[in-house]
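I opened the notebook to record what I looked up in this model. The entries follow in the order I took them.

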Amino acid sequence: MRIATYHRKRGDYVAFVRGENEWARTRRWDRIYVSSLFTWELPRTADTVNCYNKSVSEAKDIFVGGVAVTLFPSYIKERCQCTVIEGPLDMPGRLGPGSPAIAKLVPDYSILGRVKRKHEYFPRNAYFVRITKGCIRTCSFCAVPRLEKEFGIMSPLREQITKAIAEHGEKQHLVVMDNNILGIEGVEDIFEEIQDLGFKSGARRKGRERTVDFNQGLDARLISSKPALAKMLASVCVSPIRLAFDFIQIRPAYERAIRLLAAEGFHEFTNYMLFNFNDTPRDLYDRLWANANLNKELGIRITGFPMRFIPMDDVNRRHVGAGWKWRYLRGIQCILLATRGLVSPNPEFISGAFGETFEKFLEILSMPDRYIIYRSHYANDGAADWQKEFNRLDSDQKMKLLDTLQELNSFWRERPERLARLPKEFRSIMEHYYPGGNTAPKTPEEEELAQQGVSVGYDSGPG
Ligand code: SF4
């Protein structure tokens, strides 16, 4: 959106499309910019770049930038003819002589209109701002410390909003995309400014509620150690409030932050939960229940948003953390399929979906996909038999079964031969995972799962 502003100010025609687009591909362009985000999407990014190589006069006129190429530039350089831009566009000249610091320009909100019918961007009517860059912390699972080494102010808020109003008119909501805004010195002034700009608690515009969304999650440890921050958040119309609960060790600070915020009147939370890093299934299970217990005790609703860790140089999403098994990760994916990745705040949902005990949790995650996805349908038709057979295995055999399932997934091309060579102890239970040796997806949900990157899908490929 900011690159569009730069070019429109020069008098250029700008169009925005998503990925490979026939209309854009069959035209000639002076420049094409391709953005990248997740490293596991780099294969698709490379295909997209290559799809446009005849749409420009020279290969160097395709510019590829963003998070993923900054973390892993060689992936694109080795596969595509293009100009790779590493790092943020926060200095003049990064897009050629005379180009300004793109990061400081007002986003061009109008470019999203072109893809509206096919893909809506939410929220539709909001200012998108970044006030700070970098972070006070250096979490090893996070790309921020590598991408933005220094923590500090990027662009004053009032200036961004004033320019956005002048160029694109007033907006209803405010989305703040900072990594860790609460850590910045002078954060009190930023909150006063948010209030002054029309986003006080309870603010309305044209009769409708206004909201402020700190969409990268707020730092629970900072709120816990500085209760004034909870008051400050309550002084503006934050909704929803998002915290990060990335590992069980921060539980005391996380719970204290939730209590402080609940006391200030916050009732709806959407909280990010990292897993598959240095944690274990036990750690995630305990965090799910910590949320369920807080819901019950405080009468609030914390919706969990589990996020699976993928290393920063991973291009296929196959990483299995040292404390995890592939089958467990797959099981979580199956549970979350029906809820679009969210964990409902309802304790009954958590009991039913994830199990009342940790042992039950591991058992659910070990089940074949369809028994997890259609739990009630298969309860007496297959799942009960599977459960009997699974519980007949001792703990070493269970681990061996999970490893075998992982191998069958990884070496999917050899799956039929491997299935034929299975140890006797697993032949019967394996029928539940690959009935009759058939590995094809059976239902739309299974198809969807098979298409989600990591996914694995049966005979559709590794994941
Ligand atoms: S606090 Fe958040 S943004 Fe900062 S390094 Fe850790 S995960 Fe990244």
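How many helices and strands does the secondary structure of the protein chain come to? I counted 21 helices and 12 strands. Helices here are DSSP runs of H or I with at least four residues, strands are runs of E with at least two, and both are numbered from the N terminus.

I noted the ground rules next. This is a predicted model, where local features need pLDDT of at least 70, side-chain atom pairs count only at pLDDT 80 or more, and totals for chains, interfaces and linings use all residues. Residues are numbered from 1 along each chain as its sequence is written.

**Overall form.** The C-alpha atoms fill a box of roughly 70 × 60 × 40 Å along the principal axes.

**Domains.** I took the bounds from an automatic or database domain assignment. It gives domain 1 (2-104), domain 2 (109-348) and domain 3 (384-460). The C-alpha centres of domain 1 and domain 2 lie 28 Å apart. I found 18 residues of domain 1 in contact with 18 residues of domain 2; contact means C-beta atoms, placed from the backbone, within 7 Å. On the domain 1 side, helix 3 (42-51) and helix 4 (67-71) are the elements that give two or more residues.

**Cores.** I then searched for nonpolar cores (sets of buried Ala, Val, Leu, Ile, Met, Phe, Trp, Tyr and Cys residues joined through C-beta atoms within 7 Å). Buried means 20 or more other C-beta atoms within 10 Å of the residue's own. Which residues of the largest core touch the most other members? They are Ile 223 and Leu 243, in a core of 73 residues. Helix 13 (residues 326-337) supplies the largest share, six residues. Domain 2 and domain 3 each contribute at least three residues to this core. Another core, of 16 residues, lies apart from it and includes Ala 46, Val 49, Phe 63 and Val 69.

I traced an open sheet of three strands, order 4-7-10, with parallel pairing. Pairing requires at least two DSSP bridges between strands. Strand 4 (126-129) and strand 10 (212-214) stand at the edges with a single partner strand each, so one side of each has no neighbour in the sheet. Strand 7 (residues 173-176) pairs with strand 10 over three bridges. Val 176 stands opposite Phe 214 in strand 10.

Note on methods:
Buried ≥ 20, exposed ≤ 12 C-beta atoms within 10 Å, placed from the backbone. Contact = placed C-beta atoms within 7 Å.
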